[in-house]
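Open the model in your viewer and keep the sequence panel beside it. The stops below say what to select and what is there.

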Amino acid sequence: MVEFNHPSISIKRQAQLLGIHRTSVYRQSKGQTESSENIMLMHEMDMLYTAHPYFGYRRMTAKLREKGFDVNHKRVRRLMRKHDSISYYRK
């Protein structure tokens, strides 16, 4: 969209013509992506969750450790929140 090395039009003018802020030209968005290990872990959590929808993060952590994954409760809880997995129990 914006040419950084344009000979006659400055970056400021190009941003004005496009109707965007100049900071959005310089700042690249950070793509928040999960690692392949976390994706594999989320897939395993999804399979466990469909079989046992009442599992919370503690029991999910224990089952994942039984299967050989090296995880702690904080990581499982974060991934469950990200995946919108909520255990159904009376609160």
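Which residue just after α1 takes a positive phi? Select glycine 19: its phi is about 75 degrees. This is a predicted model, in which local features need pLDDT of at least 70, side-chain atom pairs count only at pLDDT 80 or more, and totals for chains, interfaces and linings use all residues. Residues are numbered from 1 along each chain as its sequence is written, and side-chain values use heavy atoms, with hydrogens and water left out.

**Whole chain**

Colour by secondary structure. The protein has five helices and zero strands, in the order α-α-α-α-α along the sequence. Helices (H or I, at least four residues) and strands (E, at least two) are DSSP runs, numbered from the N terminus. Of the 91 residues, 25% are buried; buried means under 20% relative accessible area, exposed over 50%, and partly exposed in between, with a 1.4 Å probe and protein chains only. Among contacts with a separation of 6 or more, 42% are between residues 24 or more positions apart, where contact means heavy atoms within 4.5 Å.

**Helix α1**

Select residues 11–18, which form α1, and show the side chains of its buried residues, Ile11, Gln14 and Ala15. They lie on the same side of α1, because they cover an arc of only 100 degrees around the axis. The arc is that of the directions from the helix axis to the C-beta atoms. The cover over these buried residues includes α2 (22–26).

**The core**

Next, select Leu41, Met42, Met45, Leu48, Tyr49, Phe55, Met60, Leu64, Val71, Val76, Leu79 and Met80, the twelve residues of the largest nonpolar core. Such a core is a set of buried Ala, Val, Leu, Ile, Met, Phe, Trp, Tyr and Cys residues joined through side-chain atoms within 4.5 Å. The elements giving two or more residues to this core are α3, α4 and α5. Its largest share, five residues, comes from α3.

**α3 against α5**

Hide everything except α3 and α5. Their axes come within 11 Å and cross at roughly 75 degrees, so α3 is roughly perpendicular to α5. Axes are lines fitted to C-alpha atoms, for helices over the stretch in contact, and angles run from 0 to 180 degrees between N-to-C directions. Angles under 35 degrees count as roughly parallel, over 145 as roughly antiparallel, 65 to 115 as roughly perpendicular and the rest as oblique. On the α3 side the contact is made by Glu37, Asn38, Leu41, Met42 and Met45, and on the α5 side by Arg75, Val76, Arg78, Leu79 and Met80.

Stay in α3 and centre on asparagine 38. Is this residue buried or exposed? Asparagine 38 counts as buried because its relative accessibility is 7%. Its side chain makes a polar contact of 2.5 Å with the side chain of arginine 75, and another of 2.7 Å joins it to the side chain of glutamate 34. A polar contact is a pair of N or O atoms within 3.5 Å; within protein, one must be able to donate a hydrogen and the other to accept it, and residues adjacent in sequence count only if both atoms are side-chain atoms. Neighbours within four places in sequence aside, asparagine 38 is in contact with Arg75, Arg78 and Leu79.

Now show the side chains of α5. Its buried residues are Val76, Leu79 and Met80, which sit on the same side of α5 because their arc around the axis is only 105 degrees. They pack against α3 and α4. Lys74 and Arg81, on the other side of α5, are exposed.

Bring back residues 57–66, helix α4, where Met60, Thr61 and Leu64 are buried. These three are on the same side of α4, because they span an arc of only 100 degrees around the axis. They pack against α3 (36–51) and α5 (73–82). Exposed Arg58 and Glu66 are on the face of α4 turned away from its buried side.

Centre on threonine 61, which has a relative accessible area of 3%. Leaving out residues up to four places away in sequence, threonine 61 touches Val71, Asn72, His73 and Val76.

Glycine 68 follows α4 and has a positive phi, near 105 degrees. End at phenylalanine 69, in the loop between α4 and α5. Not counting residues up to four places away in sequence, phenylalanine 69 touches Met40, Leu41, Glu44 and Leu64. Phenylalanine 69 and glutamate 44 are 25 residues apart in sequence, and their C-alpha atoms are 9.9 Å apart in space.
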